[in-house]
There are 2 protein chains.
Amino acid sequence: MAWDKGFEAALNPKAIAIVGVSSKRREWGAYGFIDCLERLHFEGRIYPVNPKATEIQGRKTYPNLVSIPEHVDLVIVSVPAPVVPGVLEDCIAAGAKNVHIFTAGFEETGEAEGKELGEKVKEIARRGGLRVIGPNCMGLYVPAARISTLFESLAESGPVAFISQSGTLAGNYNRYAGAFGFRFSKVFSFGNAYVLDSTDFLEYLADDPETEVICMYLEGVKDGGRLVKLVREINRTKPVILWKGGLTDYGAQAVASHTGSLAGADAVWDAFFKQTGATRGGSLEELSDVTQGFLHIGRPPGRRVAVVGGGGGSSVATADACAQEGLEVPRLTPETRRQLGEFITLAGNSINNPLDIWGVMYDANSLQRVLKLVAADPLIDVVIVEYNPDMFEGLKRGQWQKLTQCLLDFNHENRTKKPMMVISRSWGDDSKVEAQQRKFQIRLTEGGVAVYPTLARGSRALAKLIQYYEFQDRASS
Amino acid sequence: MAWDKGFEAALNPKAIAIVGVSSKRREWGAYGFIDCLERLHFEGRIYPVNPKATEIQGRKTYPNLVSIPEHVDLVIVSVPAPVVPGVLEDCIAAGAKNVHIFTAGFEETGEAEGKELGEKVKEIARRGGLRVIGPNCMGLYVPAARISTLFESLAESGPVAFISQSGTLAGNYNRYAGAFGFRFSKVFSFGNAYVLDSTDFLEYLADDPETEVICMYLEGVKDGGRLVKLVREINRTKPVILWKGGLTDYGAQAVASHTGSLAGADAVWDAFFKQTGATRGGSLEELSDVTQGFLHIGRPPGRRVAVVGGGGGSSVATADACAQEGLEVPRLTPETRRQLGEFITLAGNSINNPLDIWGVMYDANSLQRVLKLVAADPLIDVVIVEYNPDMFEGLKRGQWQKLTQCLLDFNHENRTKKPMMVISRSWGDDSKVEAQQRKFQIRLTEGGVAVYPTLARGSRALAKLIQYYEFQDRASS
């Protein structure tokens, strides 16, 4: 099936019907969806549907879809599973074809009753030409259209799309990515995929001008061939980062209990990544790490890194982590070392690479000098700066601001030639240090700097970027 | 060399001399050490040494070690490297044999001058029979003796020892472990290891009644045979968890710049772990994760886990993570499933394993019922509870307390039969949720529950515990 343009009205709806708003207020389900829309200041009309009430909490309700006075662009179904078929018949009668089924309780229960219900839902959808997202999912989050069903959704748009077979992961990723300063264009949580599947959303995103990077969490796929073809094509211009759940036997069993999908063998997915050049992720953190890399670092000129940080043991761990990801940590040129030696004493510091120079890192002028020298070194492609906020507890606010600005300026000036990443985390539970570190991280990420909590994660993301661009070069040569 | 009992006076000193207290107050070095001792309410005498002053900031100072009116149990040397040999001659003259050399700037600089200085220091130490810890290290942290050189040290003692060749990592581990609720017996940061090496501290800790678990960060070792022998022996009763830094080529180079050690080949260390049964760590997080396991979980009865959590996609990730670590996630018995089905609806939940039951997890009574049923299942050895605090944002404080108590009670009752671990983290940056999650985590860890931020880390720790006890069984059979 090709992308059905009819569904696009659901991505920018003027009217939404929510079926299953009970007269008793509950946080989850239909009421929660109304809350979400209101929090995002949705500008269209919301039509709650409840056959037993005419008004709920001051809002006019409608007994069914047919009684709604205008055409609705999206129906959100939040009724018990046995009631879903009836609601879908109503959708057909009302001519409402875009349907998000939130309701769970189909084949994923493993019970005969759920399977039968699922078959019935599929049959009705087919018969009525319904464009169903779900069932058993959180549906759509489109900040530009001010629609969401996720509690944690932010109002601003961004360049990242997420296609997720899990609603929980969609929600968690939203929170997590938000904390790392990036924003979403579209999030599709599509659960059991009765009609619309990941490939449909991919096809849409291929031409979506808002979307620059595509993240995916998949449990199964109906048309593997189409997935390969689409990802290979799209990945050339919009990097696709995919986490495949259920690759172990126990994971595959959990997939069956979750979205009723067939997980597929490990070898099949290995081949998929080899053929498409898609970037492999194994957790939300990995999706986020690589996404940050694509957004803020782009194409690294090579794999030779300089690490500027503090603490000898950390330097060893740092060098090990880089080497384990296939990065190189070369000795700086004698000339760079000579110039660094002019203002850095050797005792307690090291100007080998990794540079262990906490003694000067709290001073913005020295830091700037170091960064310039390191970036000018012809043996270095990427500059990694490690900032342990615990070591700088005593710093005044003004000093922190200067350091942050120094990093932002360096990134701005060097981004296209010698990209930078910052590693920063607090080891303790001092809430003041944590708040300081959070502020530092947010200012950097919002200023376009990639920030990672550990060197292991940062260097893995960098290695994946390198791998991505190498694949593209091979594919186009 | 065998453990020199003479050094034990340094672990519980009545008098400490600090050489190199400048008249200008600086945060780092000698002044910082005085601050640390005062913060821990050290009850002995502190003698600052400075040849050019008689009083610094209201404290009487001494021109040299010989002029101090009593025998000192520990000398902390914080003078520039070229001055160190003279101070050591003073130590000999004063009969002060326990010496912590904080100063760096020896062979790790890679310069001829530093190497020569190092040789000189070694020669003097040998000649005078000085028990030197260092140089280029943070020395000793012994909470029971109220001594520390680490800013981040806590006053309470605990069962964990840390032998670290890196001072930065010693400090970071202190902060980190503190946040996970465990406390230290002794921390040795020993840098370039001119006299005392990791094996000396190990020998001491073998008989230290305060120490139950030993963590190590090593860059090099002088007597490999002695290390193997000691670790194999000690590890039988006190688990040894070791992180070897510098196993990659670049890491080995960084080791040379850090403590001037020879890092040793990967294969040698593989053999070390095989022969000793020591647990391998690769980061502070891994040291901490396994330590928590030894302290709170102990010997798992087997590798079959039940995972109680919420969110379908998370369940898949969970099952994958467990399977990747060689854990089993079996289906529960029909009888357990029947009993769970009595109060958990199947729609939107799953009582397969992993159990996806967020719908009931916010209610302490339901949670208790689930935990009891799962623990009673004969197919299950360990119970893993996943708590995503973001999902329970709306919970009242009283409800959180009940949930926490429910977990503490379950752990208390079942620990020896069916141990439990809790997975808990917040995905977002909402400071209220984070504070709530931190409180939850601290109450649990201080109550004796192992808490991990991700299932991947928890399941890896569990796998390492199982491996440890299997080795012990084989070794003793």
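Guide: Let's start in chain B, where 5 strands form an open sheet with parallel pairing, in the order E15-E14-E16-E17-E18. Its edges are strand E15 (355-356) and strand E18 (450-452) of chain B; each has a single partner strand, so one side of each has no neighbour in the sheet. Strands here are DSSP runs of E with at least two residues, helices are runs of H or I with at least four, and both are numbered from the N terminus. Two strands pair if DSSP finds at least two bridges between them.

A quick word on what you're looking at: this is a predicted model, in which local features need pLDDT of at least 70 and side-chain atom pairs count only at pLDDT 80 or more, while totals for chains, interfaces and linings use all residues. Residues are numbered from 1 along each chain as its sequence is written, and chains are lettered from A and ligands numbered from 1 in the order in which they are written.

Strand E14 (residues 305-309) of chain B runs parallel to E15(B), and 2 bridges join them. Gly309(B) has Asp356(B) in E15(B) as its bridge partner. Packed on the sheet is helix H14 (residues 364-376) of chain B, which touches E14 and strand E16 (382-387) of chain B and points at about 165° to E14(B). Contact means that the C-beta atoms of two residues, placed from the backbone, lie within 7 Å. For the angles, axes are lines fitted to C-alpha atoms (for helices, over the stretch in contact), and the angle between N-to-C directions can run from 0 to 180 degrees.

Another helix, H17 (residues 455-476) of chain B, lies across E16, strand E17 (420-424) and E18 of chain B, at about 155° to E17(B).

Next, pick out Gln405(B), which sits in helix H15 (residues 397-414) of chain B. Gln405(B) counts as partly exposed because it has 14 C-beta neighbours inside 10 Å. On that scale, 20 or more other C-beta atoms within 10 Å make a residue buried, 12 or fewer make it exposed, and partly exposed is in between, with C-beta atoms placed from the backbone. Leu444(B) is 39 residues away from Gln405(B) in sequence, but their C-alpha atoms are 8.7 Å apart in space.

Chain B has another open sheet, with 6 strands in the order E8-E10-E9-E11-E12-E13 and mixed pairing. Strand E8 (139-141) and strand E13 (279-281) of chain B are its edge strands, each pairing on one side only. From one strand to the next, the twist averages 20°. Helix H10 (residues 284-297) of chain B packs on that sheet, touching strand E9 (157-164), E11, E12 and E13 of chain B, and its direction makes about 170° with that of E11(B).

Finally, step back to both chains. The contact between them takes 59 residues from chain A and 58 residues from chain B. On the chain A side, helix H5 (167-179), helix H8 (249-258) and helix H11 (312-324) are the elements that give two or more residues. H11(A) gives the most, with 11 residues. In chain A, 98% of the interface residues are also interface residues in chain B, so the copies meet through the same surface.
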